[in-house]
Amino acid sequence: MNNSDILFLYDAKLTNPNGDIDEENRPRMDYERSLNLVSDVRLKRYIRDYLEQIGHEIFVGKVDGETVNATERMKRLFEKYDGKVNINKLSKEQQNWMLDQFIDVRMFGATMPIKSEDKGSSMTFTGPIQFNWGYSLNKVTLVESASITSHFGSDDKNDGGNIGKDYRVYYSFLAFHGVISGHRAAHTRLTEEDIHLFDQAVVKAIPLSATRSKVGQYPRLYVRVEYHSPEFIAGDLRDLVHLEETEGLRSISEVTLHVDALVNKLLEVNVEIARIHYWQDSNLTLNYEGQKGLLADLLPSELADKLVSVL
């Protein structure tokens, strides 16, 4: 399997992309730069939830709606295994079977507090698919918090309900960079089919996981640059795109994304590129060398010929 660089852009309008539980669930912010932040854990949670919704087994999640610890999660999984299993000393065959069940471990890795024949007191898998924290490409302001109330009391007393705070951003255009490591993919038994499913999950997961605080978030652009080998990575693709306007934005209709540096970088490393897997929302306007439009229409032919739609 080969390496890939990933660029994923989505926006959030009058919503809370990633609340900080240490700050009354306020949106995570870099206040010095007025940038909205979203953790990689939040993005992976969206993807895990989507994979589970379409019928895949995941390690990091509830079992039949019940929260269990990691050891109990493994015990329940191996109830499905055909043969006797010592949960404290998994054979290589049993370990491989376990990886074949957990799609999120194949993608993102995990540390499992059980022994195996070749991994000692715990099994640790470093995931081949990794993201760093996302940040907004625009300056973000917070909606002044509104108090919200519940009709239900906090205990047996009929005290008129609870009062809480509802923090949201006006508009945030968020960018994530990720990588897929070809070398680590062999370690977790990640397959090409898994990656194809991952591509689809990134695009579909966020709108389908909407809750009251999360509705209003939509994917705008997904680009996965697949290389010819497991030895090449171009770097953080977010450094190669920028917004025409970075202040006062309130909707996607006001967004224009300049991709000149990104396209020029792809041209520079074109010999390393096998395919460019992509999806773009038609409401997002891109600008390349003064021309506005969709990625498929703006790319030079030597790159456009490598485009593969993920949906």
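**View 1. Strands β14 and β16 pair within an open four-stranded sheet.** In this predicted model, strand β14 (residues 256–258) and strand β16 (residues 285–288) run parallel and are joined by three bridges. Within this pair of strands, H258 stands opposite N287 in β16. The two strands belong to an open sheet of four strands, whose order is β13-β14-β16-β17 and whose pairing is mixed. At the edges of this sheet stand β13 (242–243) and β17 (291–293), and because each of them has a single partner strand, one side of each is left without a neighbour in the sheet. Helix α7 (residues 260–268) packs on the sheet, where it touches β14 and β16, and the direction of this helix makes about 60° with that of β16.

**View 2. Strand β15 is paired with β12 and with β18.** Strand β15 (residues 273–280) is joined to strand β12 (residues 217–227) by seven bridges, and these two strands run antiparallel. One place to look along this pairing is Y222, whose bridge partner in β15 is W279, and another is E226, which stands opposite R275 in β15. Strand β15 is also joined to strand β18 (residues 307–309), here by three bridges and with the two strands running parallel. In this second pairing, the bridge partner of H277 is V308 in β18. Seven of the eight residues of β15 are buried, so this strand is largely enclosed by the rest of the structure.

**View 3. Strand β12 is paired with β1 in the antiparallel sense.** Strand β1 (residues 4–15) and β12 pair over nine bridges, and within this pairing Y10 stands opposite P219 in β12. Strand β12 is also joined to β15, by seven bridges. Of the 11 residues of β12, 10 are buried, so the strand is largely enclosed by the rest of the structure.

**View 4. Helices α1 and α6 cross at roughly 100°.** Two packed helices are described by the angle between their axes and the distance between the axes. The axes of helix α1 (residues 40–53) and α6 come within 8 Å of each other and cross at roughly 100°, and the two helices are therefore roughly perpendicular to each other. On the side of α1, the residues that take part in the contact are L43, Y46, I47, Y50, L51 and Q53, and in α6 they meet L197, F198, A201, V202, K204, A205, I206 and L208. Sorted by kind, the residues of this contact divide into 12 nonpolar, one polar and one charged.

**View 5. Helix α3 carries several buried residues.** In helix α3 (residues 92–101), the residues Q94, Q95, N96, M98 and L99 are buried. These buried residues pack against α2 (70–78), α4 (103–108), β6 (109–112), β7 (123–126) and α5, so a reader can follow both helices and strands around them. Leaving aside its neighbours within four places in sequence, Q94 is in contact with F78, Y81, K84, V85 and K89.

**View 6. D20 is a buried residue of strand β2.** The place of D20 is in strand β2 (residues 19–20). The relative accessibility of D20 is 17%, and because buried means under 20%, D20 counts as buried. When its neighbours within four places in sequence are left aside, D20 is in contact with N25, R26 and R28.

View 7. With a relative accessible area of 27%, S34 is partly exposed.

Conventions. Residues numbered from 1 in each chain as written. Predicted model: local features only at pLDDT ≥ 70, side-chain atom pairs only at ≥ 80, totals over all residues. Heavy atoms only, no water. Buried < 20%, exposed > 50% of the residue type's maximum accessible area, 1.4 Å probe, protein only. Axes fitted to C-alpha atoms, helices over the stretch in contact; angles between N-to-C directions. Parallel < 35°, antiparallel > 145°, perpendicular 65-115°, else oblique. Contact = heavy atoms within 4.5 Å. Nonpolar A, V, L, I, M, F, W, Y, C, P; charged D, E, K, R; others polar. Pairing = 2+ DSSP bridges.
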